[in-house]
Amino acid sequence: MKAVRTYSFDALVNLIGQSVLFFIGAFVWTNVASIVLWALCAAGFALFLSVMERGAELRRGADFRNYLLFSVLPVNIIALVVSGITGIIEYNIWANHNPVIYVYTPLYPVGIAVGTVWITLSFAALTRLTRKEA
């Protein structure tokens with residue numbers, strides 16, 4: 001039961017963190033410097049997830065595969081679904097030539113998709129690289 005609570009809590013933290021990161025990303029994808037800064041923030045968030053996974057492993061006996069399966073991937077699947085839905089909405093706005101003045105970057109669905117894949121791969125790489133096994 002402890003492991004279920006741990007996976008659920010970490011998935012909630014992951015969902016909130018990625019939501020904030022992607023919300024900020026919708027407004028900063030305007031030049032190369034902001035994209036690089038955003039990618040570094042996403043890598044930092046992946047490092048934070050790796051630290052959370054290590055803590056869950058040490059204190060609650062969580063397994064990396066189960067952590068990835070129950071805390072990381074469901075949130076990333078949700079992010080990819082949101083990316084697809086918002087991508088369809090943005091395409092329909094663009095295809096219908098609706099006069100919309102964008103305050104945000106209209107390509108943010110691509111940023112969400114790329115960002116969630118980047119976070120997942122960074123998390124897996126950082127967790128594997130920092131693992132100290134005898």
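I take helices (H or I, at least four residues) as DSSP runs, numbered from the N terminus. The model is predicted, so I note that local features need pLDDT of at least 70, side-chain atom pairs count only at pLDDT 80 or more, and totals for chains, interfaces and linings use all residues. Residues are numbered from 1 along each chain as its sequence is written, and side-chain values use heavy atoms, with hydrogens and water left out.

Entry on the positive patch. I looked up patches, which are made of residues with over 30% relative accessible area and no salt bridge, like charges being joined within 9 Å and nonpolar side chains within 5 Å. A salt bridge is a side-chain nitrogen of Lys or Arg within 4 Å of a carboxyl oxygen of Asp or Glu. Lys2, Arg5, Arg59 and Arg60 form a positive surface patch. Helix 1 and helix 2 (32–60) each supply at least two of its residues. Arg5 is in helix 1 and is exposed (over 50% relative accessible area, 1.4 Å probe, protein chains only), at 54%.

Entry on the nonpolar patch. I found a nonpolar surface patch of about 800 Å², with Leu12, Phe23 and Ile78 among its members. Helix 1 contributes the most, with 7 residues. Leu12, also in helix 1, is partly exposed at 45% relative accessibility.

Entry on Asp10. I placed Asp10 in helix 1 (residues 2–28). Asp10 is buried (under 20% relative accessible area) and has no salt bridge; Arg59, the nearest side chain of opposite charge, is 7.6 Å away. Beyond neighbours within four places in sequence, Asp10 contacts Met52, Ala56, Tyr67 and Ser71 (heavy atoms within 4.5 Å).

Terms used. Lys, Arg positive; Asp, Glu negative; His and termini not counted. Areas by Shrake-Rupley, 256 points an atom, 1.4 Å probe, with all protein chains shown as cover. Charge placed at Lys NZ, Arg CZ, Asp CG, Glu CD.
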